[in-house]
Amino acid sequence: MLERLSGQQFYCFLDGFSGYFHIPIAQEDQEKTTFTSPYGTFAYRRMPFGLCNTPATFQRCMVAIFQDMIETSMEMLRRCVETNLMLNWEKCHFTVTVRSFLG
């Protein structure tokens, strides 16, 4: 990843707002997310943060949305609108020339 980032003139960083909750859970799999509280038994309809493979699933989803744009294009904002991906604008940065990638 660092090799691909080095030598680029500008960088953009997008931060998805409640990113995992954009991914719906299939109807037949919702019962696997069932939990009990004092108010009853519930199941998630959208992917919560704490499920086992949530980060990997989210990464696959983002790659599927942006696969033709990775490392090459600034068309990502339009794609975010088209796929209803909400961004946290306070954490997004555009045409950045210097950024720490680790830590």
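**Burial, contacts and ring pairs**

Visitor: Is R79 buried or exposed?
Guide: R79 has a relative accessible area of 18%. Under 20% is termed buried, over 50% exposed, and in between partly exposed (1.4 Å probe, protein chains only). R79 therefore counts as buried.

Visitor: At what pLDDT do side-chain atom pairs count in this predicted model?
Guide: Residues are numbered from 1 along each chain as its sequence is written, and side-chain values use heavy atoms, leaving out hydrogens and water. The model is predicted: totals for chains, interfaces and linings use all residues, local features need pLDDT of at least 70, and side-chain atom pairs count only at pLDDT 80 or more.

Visitor: With which side chain does the side chain of R79 make a polar contact?
Guide: A polar contact is a pair of N or O atoms within 3.5 Å; within protein, one must be able to donate a hydrogen and the other to accept it, and residues adjacent in sequence count only if both atoms are side-chain atoms. For R79 the distance is 3.1 Å, and the partner is the side chain of D68.

Visitor: Which residues form one aromatic cluster?
Guide: Rings of Phe, Tyr and Trp (its six-membered ring) pair if their centres lie within 6.5 Å; planes under 30 degrees apart count as stacked, over 60 as edge-to-face and the rest as tilted. F35 and F42 form a tilted pair, 5.9 Å centre to centre with 35° between the planes. F35 and Y44 are also tilted, at 5.3 Å and 35°. The one cluster thus comprises F35, F42 and Y44.

Visitor: What is the relative accessibility of Y44?
Guide: F42 is partly exposed, with a relative accessible area of 39%. Y44 also counts as partly exposed, and its relative accessibility is 32%.
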